[in-house]
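Keep the viewer open as you read.

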Amino acid sequence: MTFMQSFTELVHQRQQRESAKRIRPVETEFSKLDVRNLNFFYGEKQALFDVSMTVAERAVTAFIGPSGCGKSTFLRAINRMNDIIEGAHHNGTVLLEGQEIYAPDVDVVALRKRVGMVFQKSTPFPKSIFDNVAYGPKVAGQRNHKGLAEIVEQSLKRAALWDEVKDRLQDSALALSGGQQQRLCIARALATNPDVLLMDEPASALDPASTSRVEDLIFELKQNYTIVIVTHNMQQAARISDWTAFFYQGYLIEKDHTQKLFTTPKKKQTEDYITGRFG
Amino acid sequence: MSVPTKLQEPHLARRHRIGKAFEWVCCGSTWFGVVVLGVLLLSVGWKALTWPPAKAKPANNSTATVDAQSTSAPLSTKFFSSYDSRKPREAGILAAIWGSLWLIVLVALFSVPIGVGSAVYLEEYSNEGRLKRLIQVNLSNLAGVPSIVYALLGMTAFVKMFGFFTKDEGKSLVINLLFTTVDVPLPFDRTLISGALTLTLLVLPTVIVASQEALRAVPSSIRTASYALGATQWQTIRYQVVPAAMPGIMTGVILALSRAMGEAAPLMLIGALTYVAYTPGDITSVSDIFKNPHGLLDAPFDKFTALPLQIYQWINHPRAEYAHLAAAGIMVLLTILLLMNTFAIVIRHKFQKSTRW
Amino acid sequence: MSLANVASPLTPPKAGLRLQKQFSWVRAREACVRAMLLGCASLSLLTTLAIVYMFLTEAVYSVTPDTTAFFQDVSLWDFLTDTEWSPQFADKHFGILPLLCGTFVIAGIGSLIGLPIGLAAAIYLSEYAKPKFRRMMKPVLEVLAGIPSVVYGYFALVFVTPYVLRPMFQSLLRIDVDIFNAMSAGVVLGVMIIPTVCSLSEDALRAVPRGLREAGYALGSTKYDVSLKVVVPAAFSGIVASFLLAISRAIGETMAVCIAAGQMPRLSLNPFRSMETMTAYMVGASLGDTPAGTIEYKSLYAVGFTLFVITLGMNILANWVMNRFREVYE
Ligand SMILES: Nc1ncnc2c1ncn2[C@@H]1O[C@H](COP(=O)(O)OP(=O)(O)OP(=O)(O)O)[C@@H](O)[C@H]1O
Ligand SMILES: [Mg+2]
């Protein structure tokens with residue numbers, strides 16, 4: 001059971017860091033998102049089967065599971081990014097603070113302003129660093145340059161990128177390194193001031209140093225944001241998340257406190273997966 | 001080349017010989033175009049530069065110098081600064097150059113917004129439905145319609161406006177702008193605007209298809225990222241997709257415009273083939289624009305000629321001297337087209353280098 | 001699982017952060033822009049409708065009172081069978097056959113020259129040429145395609161006829177070559193369609209999967225065998241489509257033909273005489289500034305209509321063949 005012990009250790013370390021930083025314990029949470037009986041289809045193909053789950057406010061929830069099990073699909077269902085995909089449809093309900101986000105009178109744009117998203121592959125716009133970060137507030141109607149500059153600075157600081165780029169805000173974002181680009185994308189998402197931040201494997205393309213920076217960042221951010229993160233790295237899930245959900249072949253197998261899920265999984269499939277017996 | 005071995009059948013050598021011959025034939029065919037291009041440029045250039053003919057210079061030396069000054073030798077400044085003339089030695093392409101310039105500018109003004117707008121609608125808004133298929137099929141058919149049919153359309157729809165306004169009444173629509181008024185003849189008659197609109201219809205399919213390709217080349221991750229930041233569809237298109245596609249669009253547009261620039265047929269029926277001894281809006285230099293800014297508004301409703309038309313007119317002229325003028329005109333036209341094409345290639349090249357997604 | 005789905009208390013919705021659609025200028029603009037763009041896109045449909053409307057009202061059946069359309073004056077039968085085209089004479093004849101003859105003789109000569117050369121060049125570029133050579137050759141072909149057709153006409157008139165055709169046919173074979181002749185027009189037309197044929201055929205050839213070529217080599221074929229007996233047949237419909245498009249272009253080509261072949265409607269197959277194509281007639285008629293309403297004026301539309309129908313038919317056929325080809329490999 002050494003692997004379980006190592007996970008316990010990771011979780012334990014995290015809790016120590018939390019208390020060191022006076023981050024409030026996770027038990028007092030509300031649930032920000034409430035998904036009930038969600039079935040999701042790409043045309044004929046069903047990608048999610050009857051998934052129900054709540055997502056805690058101001059906490060990190062990690063999704064794990066083998067490739068193709070529907071983690072990204074679920075994530076994208078939360079801010080309706082799947083709307084763009086032809087033939088995608090669903091049934092079931094997704095509630096954000098009790099409001100059905102798929103209701104016909106919901107404005108997707110308003111939803112996406114509140115539910116930000118960071119993608120696996122960093123996707124900076126081929127523009128300057130400043131324009132990248134300022135884009136969200138700009139399209140939301142913020143025209144005042146001073147206000148924009150302030151938002152840009154704050155977002156970059158929160159994303160721990162400010163010191164590296166403050167002298168070259170007008171340079172092309174494409175000239176940044178991969179890790180910087182990913183943090184830029186996080187900053188860009190923060191600039192729209194969302195409540196919920198969805199991250200689809202935000203660190204999968206990064207080197208260890210950048211990864212740990214992004215992890216620190218997520219850790220900091222959870223004080224203000226509800227964060228959902230997809231990851232293939234179970235150590236990472238253990239290090240940063242409060243809750244972990246395990247998906248398998250379109251089903252939500254198990255969701256629990258991270259520590260419980262990694263030490264005493266209730267389902268055989270979960271145990272097999274985290275012990276590396278498949279996937 | 002290969003040493004025959006026992007393995008080789010006797011006719012294998014023959015097959016190789018046939019193969020080699022075939023390769024040569026194909027290679028020759030590829031070079032054929034280059035050779036023709038070279039011969040064409042040389043023969044036209046030679047024609048253009050052998051004017052004025054040496055024989056025509058009188059023996060008397062004093063008049064010869066006067067003559068040399070007064071002739072508009074092709075590619076001399078006089079050639080560019082004189083109107084067409086009944087005397088070949090005095091004819092120039094001033095009216096034609098300005099006419100072509102106006103045409104290109106107007107065609108660009110009309111075709112870029114409409115063409116890019118159509119492409120944006122087709123690529124970004126319409127889902128793969130019947131309407132999109134219909135428009136797409138329609139576009140590919142329009143692209144194959146001969147230019148002379150567009151000419152007929154231009155004559156009917158713009159010059160005569162389907163006969164809705166009868167010409168005899170000399171109706172004109174006076175548009176009141178804040179500072180000034182513009183007289184818009186109805187129907188448009190044989191004016192610059194008719195020609196420009198006709199050419200616009202002609203190039204639109206090309207512009208649309210090129211813009212569509214450029215838009216399709218923009219990675220969808222850009223769109224997704226923009227939507228995820230709470231941008232609306234139009235904001236995404238306006239601030240991300242179209243700017244990213246701009247180099248590709250520009251390349252397509254310039255190539256389409258250079259095609260429009262060389263087209264004579266659509267303008268023939270517009271009736272631009274008259275003797276024109278003035279430039280649109282009486283603007284013959286940039287300073288004229290400041291002296292007479294109203295000319296800018298009048299110009300689209302002036303009669304006009306254009307480079308390819310002037311060239312055709314000279315080719316058709318019974319006097320042999322005009323053949324040299326035609327050649328000189330062709331050299332000017334080809335130079336302009338070459339510049340436009342180079343510009344397009346430079347944009348394409350720069351774009352390929354500077355952008356990596 | 002039990003713990004996971006125990007509903008914890010929901011955060012109350014924050015005031016002012018509702019998701020519901022509200023009226024806003026942004027949303028209104030969105031709808032406006034969409035409508036405007038749809039307008040732009042449907043303009044191309046409008047163009048087609050305008051073309052059809054024009055031909056129907058001017059050539060087939062006039063909608064304005066007191067005027068007649070061309071086919072109300074001249075019967076379709078006469079139009080299609082009369083062997084004389086003489087709208088400008090007192091004894092007017094409107095038989096399209098001489099014009100069709102001119103068109104097809106010239107387009108035929110052009111095709112005989114342009115199609116094989118274009119295809120051979122395409123085979124060379126796709127099967128034999130090194131990538132560097134291809135990159136060098138493509139712009140040349142683009143330039144060739146970008147040369148205006150007046151220039152080709154001039155080239156035919158001042159170079160092809162006096163320096164190629166006359167020495168070959170008049171001096172050697174004792175065949176009279178007119179200054180304006182169908183042959184020179186056909187020759188430049190052939191050159192003009194080479195880029196079309198070459199680039200479209202090359203696309204078709206390159207779309208043939210590698211595996212097919214490799215299978216050919218594995219059977220002990222030479223490059224020649226593979227190119228001609230495997231790749232070309234596999235790309236056959238794409239090549240046919242490129243041929244059809246090129247021929248359709250040749251038929252609709254105007255200025256070069258008009259300058260080089262002259263304006264003498266003639267029902268003959270002698271390519272060394274002057275001939276008139278449909279397009280050249282339309283240009284010629286416009287030169288004389290024929291007044292609207294006269295039968296000559298209306299004949300423009302009749303000829304234009306014929307040309308439109310022929311080229312449209314060929315384009316539709318070409319697109320159909322092309323789509324069939326795409327279906328095979330995509
Ligand atoms: N746009 C799409 N169209 C059709 N099917 C899709 C689409 N996107 C995903 N799928 C399918 O839906 C299923 C779930 O995909 P999803 O992207 O959610 O997996 P994932 O868990 O994120 O995998 P990974 O860990 O590799 O990112 C897969 O079988 C996938 O093939
Ligand atoms: Mg995924």
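Ligand 1 is surrounded by 13 residues, and the closest include A:Ser67, A:Gly68, A:Ser72, A:Thr73 and A:His232; a residue counts as near if one of its heavy atoms lies within 4 Å of the molecule. Bear in mind that this is a predicted model: local features need pLDDT of at least 70, side-chain atom pairs count only at pLDDT 80 or more, and totals for chains, interfaces and linings use all residues. Residues are numbered from 1 along each chain as its sequence is written, chains are lettered from A and ligands numbered from 1 in the order in which they are written, and side-chain values use heavy atoms, with hydrogens and water left out.

| Side chain | Ligand 1 atom | Distance |
|---|---|---|
| A:Tyr42 | nitrogen | 3.4 Å |
| A:Lys71 | oxygen | 2.8 Å |
| A:Glu201 | oxygen | 3.3 Å |

Taken on its own, ligand 1 has 630 Å² of accessible area, and the protein covers 65% of that. Accessible areas come from the Shrake-Rupley method with a 1.4 Å probe; for residues, only the protein chains shown count as cover.

Now for chains B and C. Their contact (heavy atoms within 4.5 Å) takes 76 residues from chain B and 78 residues from chain C. About 6600 Å² is buried between the two chains, with carbon and sulfur atoms giving 78% of it. Buried area here is the accessible area (1.4 Å probe) that two parts lose on being put together, summed over both. On the chain B side, B:Phe22, B:Thr30 and B:Tyr121 supply 9% of the area buried against chain C, more than any other three residues.

How many salt bridges are there between chain B and chain C? The count is 1, a salt bridge being a side-chain nitrogen of Lys or Arg within 4 Å of a carboxyl oxygen of Asp or Glu. C:Asp225 and B:Arg15 meet this way through their side chains, at 2.8 Å from N to O.

Chain B itself is divided into domain 1 (8-65) and domain 2 (76-354), with bounds from an automatic or database domain assignment. Their contact takes 10 residues from domain 1 of chain B and 11 residues from domain 2 of chain B. These two domains of chain B bury about 880 Å² between them, 77% of it on carbon and sulfur atoms. As for salt bridges between domain 1 and domain 2 of chain B, the count is 0.

Definitions and conventions
Polar contact = N/O pair within 3.5 Å; in protein donor to acceptor, adjacent residues only side chain to side chain.
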